[in-house]
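Reader: I would like to go through a protein model feature by feature. Please give the general idea each time, and then the case at hand.

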Amino acid sequence: MYRIQKLSPNDFLPQLREIPQPPKELYLVGELPDPDEYVYLAIVGSRKHTSYGKDVVKKLVASLAGEKVVIVSGLAIGIDGIAHQSAIENGLKTIAIPGSGLDDNVIYPRIHLNLAKQIVQKGGALLSELAPTTRANTWTFPMRNRIMAGLCRAVLIIEAEEKSGTLITARMAVDYNRDVLVVPGNINSPASKGTNQFLRLGATPITCPEDLWEALGIKKEVTKIVSEQMHNLSDDEKIVFELLIEPMTKDEIFEQTDFDIVQINTILMLLELKNLTKEEFGKIRRI
């Protein structure tokens with residue numbers, strides 16, 4: 001893939017030297033952004049994510065576009081991969097810490113080998129304390145999780161089942177005095193039992209991009225962002241978008257507007273192309 005550098009403790013980022021039992025050495029592909037300039041945010045969650053979890057990751061990461069934030073995750077299938085991909089799509093640097101060495105032949109999971117290459121190509125990095133040819137094993141993932149927690153200012157949990165490995169990262173973040181941020185989940189969903197448990201224990205709830213900005217110390221003019229978003233809509237699109245405070249069916253939109261069904265379908269298609277709405281279970285909702 002690319003040249004693998006071996007780092008000694010003197011080369012580690014300062015925050016990683018602070019944790020109990022810091023790694024003795026690290027292997028790096030790419031470059032680590034300066035922690036004095038960038039905020040490191042770990043995003044972790046379930047491999048068996050729901051559509052809700054996927055949408056939340058994409059929305060929150062997109063809200064950080066243009067900011068000096070590094071998205072850190074574990075390259076795993078599910079929320080991890082979505083976080084890395086969303087970071088790339090929004091021009092953010094991202095660091096993957098797989099549960100394997102960094103050699104092309106052992107990168108895990110194999111399905112994300114191309115994603116790993118893309119991360120480096122876009123100015124991000126791959127990081128591991130495992131020797132380059134070490135294959136993933138059950139014991140390698142908790143080791144990886146402690147690197148993620150130690151590297152970051154905060155850990156954001158999107159979805160996690162009651163006995164998820166994601167919760168190991170969250171517990172380590174607490175031990176390392178990092179902020180634990182949690183997106184509340186559906187109380188009926190097994191994918192949210194672990195996350196909601198952390199909310200009960202006092203984690204910071206993240207219910208919108210503004211909550212995340214505040215947790216990371218980012219100041220944005222929310223009114224300006226909303227007005228710019230609305231400025232890009234036609235008058236007809238604005239009428240429909242403003243109706244969607246709550247999810248609605250096409251029939252409900254038809255009943256509350258003067259548009260015929262062809263116009264409504266056209267408007268909804270345009271709003272979806274602009275990544276503002278999505279149809280799910282027969283209802284249209286804002287993203």
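Author: Buried means under 20% relative accessible area, exposed over 50%, and partly exposed in between, with a 1.4 Å probe and protein chains only. This core has 34 residues, and Y40, V72, I95, I97, L127, L151 and I157 touch the most other members. Two or more residues each come from strand 2 (26–30), strand 3 (39–44), strand 4 (69–73), strand 6 (125–128), helix 5 (140–151), strand 7 (154–157), helix 6 (166–175) and strand 8 (179–182). A second, separate core of 26 residues includes L60, I71, I79 and A83.

Reader: What are the limits of the model, and how are elements numbered?

Author: This is a predicted model, in which local features need pLDDT of at least 70 and side-chain atom pairs count only at pLDDT 80 or more, while totals for chains, interfaces and linings use all residues. Residues are numbered from 1 along each chain as its sequence is written, and side-chain values use heavy atoms, with hydrogens and water left out. Helices (H or I, at least four residues) and strands (E, at least two) are DSSP runs, numbered from the N terminus.

Reader: Which residues is L127 in contact with, beyond its neighbours within four places in sequence?

Author: Contact means heavy atoms within 4.5 Å. With those neighbours left aside, L127 is in contact with L26, Y27, L28, I95, A96, I97, P98, L102, I147 and L151.

Reader: How should I read the sheet?

Author: Two strands pair if DSSP finds at least two bridges between them. Here an open sheet of nine strands, with mixed pairing, has the order 1-2-6-5-4-3-7-8-9. Strand 1 (5–7) and strand 9 (204–205) are the edge strands, each pairing on one side only. Strand 3 and strand 4 run parallel and are joined by four bridges; V39 has V69 in strand 4 as its bridge partner.

Reader: Do strand 10 and strand 11 run parallel or antiparallel?

Author: Strand 10 (residues 277–280) and strand 11 (residues 283–286) run antiparallel, with four bridges between them. The bridge partner of K278 in strand 11 is R285. Their hairpin has two residues between the strands, and F281 takes a positive phi near 55° there.

Reader: What should I look for in a helix?

Author: An α-helix has 3.6 residues a turn, so residues three or four places apart point the same way. In helix 6, the buried residues are T166, L167, T169, A170, M172 and A173. These buried residues pack against strand 3, helix 5, strand 7, strand 8 and helix 7 (193–200). After helix 6 comes N177, with a positive phi near 65°.

Reader: What about other backbone exceptions?

Author: Most residues other than glycine have a negative phi, and most peptide bonds are trans. Q21 has a positive phi near 50°; Q21 sits in the loop between helix 1 (14–17) and strand 2 and is exposed, at 68% relative accessible area. L75 also has a positive phi, near 70°, in the loop between strand 4 and helix 3 (79–89), but L75 is buried, at 0%. The peptide bond from Y108 to P109 is cis, with omega near 0°. P109 lies in the loop between strand 5 (93–96) and helix 4 (113–121).

Definitions and conventions
A nonpolar core is a set of buried Ala, Val, Leu, Ile, Met, Phe, Trp, Tyr and Cys residues joined through side-chain atoms within 4.5 Å.
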